[in-house]
Amino acid sequence: MDYSRVFAACAAMMIGTGAQAQDADWTGLYGGIQLDMATVDLSVPNGGATTNDGNGLMYGLNGGYRRDLGQVVLGAAATLSFGNFDTPPVGGGSDASSFGSLATVGVEVGYDLGEVLVYGELGHTWATRTDAGNTRRFEGGLQYGIGADFMLNDQIMIGGTVSRTDLDNFGGSDATVTTFGARAALRF
């Protein structure tokens, strides 16, 4: 399934709906839950061939603060996602591993379309993975993405994100994690 097309269609529907709203204020704290579909590719360092790949569901929490400056919205955000899915070797073999969690902190810059906020995000992610020798590995790397949130009312928002995290030399491999997520949050 092509999740990028699903996300683009949902964002287009939200933008079309949000164009009617004029006075939504995105300033304030928020916190909620999320569900992500994650894809992980492990490869030989420095652009080598893919050695392992896998995908699975992750669930977690999100929160942050936004400041609405008119049409521009600035924010700081954090997410914590958990999952446990295999990243088996490509083409067979016995070097299996599993992927466990993502914790991200970062900044957002968005464009206020009324009840819809479209934004880009940049941050740092820490990830966990268990390798074939049952050793748990921790690594951090650059995270970037796009998202759109829709205000259902003054207190509840829903949204979707697409993000990518690059983890270099993650237990001897470079890892790329791509997530497609849906979330809901309460605004304070």
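pLDDT is the predictor's confidence in each residue, from 0 to 100. This is a predicted model, in which local features need pLDDT of at least 70, side-chain atom pairs count only at pLDDT 80 or more, and totals for chains, interfaces and linings use all residues. Residues are numbered from 1 along each chain as its sequence is written, and side-chain values use heavy atoms, with hydrogens and water left out.

**View 1. Confidence along the chain.** Mean pLDDT for the chain is 85, and 85% of the residues score at least 70. Helix H1 (residues 3–18) has the lowest confidence, with a mean of 49, while S7 has the highest, at 95. Helices (H or I, at least four residues) and strands (E, at least two) are DSSP runs, numbered from the N terminus. Residues 14–21 stay under 50 in pLDDT. For this stretch the model has 15 contacts (heavy atoms within 4.5 Å) beyond four places in sequence.

**View 2. The barrel.** Eight strands close in the order S1-S2-S3-S4-S5-S6-S7-S8, with antiparallel pairing. From one strand to the next, the twist averages 20°. Its angles run from 0 to 180 degrees between N-to-C directions, with axes fitted to C-alpha atoms.

**View 3. The S7–S8 pair.** S7 (residues 156–167) runs antiparallel to S8 over 12 bridges. Strands pair if DSSP finds at least two bridges between them. Leu-167 stands opposite Ala-175 in S8.

**View 4. Asp-174.** Asp-174 lies in S8 (residues 174–187). Asp-174 is buried (under 20% relative accessible area, 1.4 Å probe, protein chains only). Asp-174 has no salt bridge (a side-chain nitrogen of Lys or Arg within 4 Å of a carboxyl oxygen of Asp or Glu). The nearest side chain of opposite charge, Arg-129, is 9.6 Å away. Beyond four places in sequence, contacts of Asp-174 include Asp-41, Pro-45 and Leu-167.

Technical notes: Buried means under 20% relative accessible area, exposed over 50%, partly exposed in between (1.4 Å probe, protein chains only). Lys and Arg count as positive and Asp and Glu as negative; His and the chain ends are not counted.
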